[in-house]
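Reader: I would like a close look at a single part of this model, taken slowly and with the terms spelled out.

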Amino acid sequence: MSKDFAPRVLLVDDEPLLLESLKAVLEINGFVCRTATDGFEALRLLRETPPDIIISDLRMPIMSGFELLAIIRRRFPQIAVIVISGEFIVNLQTSGLLMNAFFQKGRYTPQELIATMRDLYSQSPILPALPKHTHAPLWINRRSTEYLIATCTECLRSFPIENDVPETHALQTAECPSCGTTITYAVDSTVLEMLAATRPVRDKLTPENSLP
Ligand SMILES: [Zn+2]
């Protein structure tokens, strides 16, 4: 990769050690990196010099990653967005609304991340004409499956919805508290599998499951 054409990356995470180690790995691989520890700092850096790629966490103080992603997608739709999260997993079939790629914290290799970044950079600038999403992306909090988070397909803001998910596949609706749009989300087999994967620890504690 020629230095004149080094992809510019903005890394956003509230953990300074993680930021520095990721920055070091990416710089060795030819990326030019800047870092921000919260969403407002990220937006300030974005306005100065828009990067080619943004890598962001979802859970941060001051401004959540969800809010940051909604702003980036509306105001900087040409920038490729990668989410790395330890807290949330997402239904990848509908995730393109807020991001271009998702990695679970601690469960990917630098090689996988770098390959994805090179792929996205080769497609950049990402065209603003994102496909129209009829179903809202669903985010599952790995520490609490009492609620899911849905992203509004109109205003791109994310909000919690009660998790009274039926056992069978079904389309559900919810009203976006920000813009009032009724959104549709699909509780398909992928979502049910993700919910099941977050539950083993809790289920082991219930008396019924302790019987042979
Ligand atoms: Zn909305």
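Which strands and which helix do the buried residues of H1 pack against?

Author: A word on the source comes first: this is a predicted model, in which local features need pLDDT of at least 70 and side-chain atom pairs count only at pLDDT 80 or more, while totals for chains, interfaces and linings use all residues. Residues are numbered from 1 along each chain as its sequence is written, and side-chain values use heavy atoms, with hydrogens and water left out.

Helix H1 covers residues 16–28, and its 13 residues reach 18 Å from the first C-alpha to the last, close to the 18 Å expected at 1.5 Å a residue, where the expected span is 1.5 Å times one less than the number of residues. Helices here are DSSP runs of H or I with at least four residues, and strands are runs of E with at least two, numbered from the N terminus. Leu19, Leu22, Lys23 and Leu26 are the buried residues of H1, and because they cover an arc of only 105° around the axis, they lie on the same side of the helix; the arc is that of the directions from the helix axis to the C-beta atoms. Buried means under 20% relative accessible area, exposed over 50%, and partly exposed in between, with a 1.4 Å probe and protein chains only.

To your question: these buried residues pack against strands S1 (8–12), S2 (32–36), S3 (53–56) and S4 (80–85), and against helix H4 (110–123), contact meaning heavy atoms within 4.5 Å. The face of H1 turned away from its buried side carries the exposed residues Leu17 and Ile28, and just after the helix, Gly30 takes a positive phi of about 95°.
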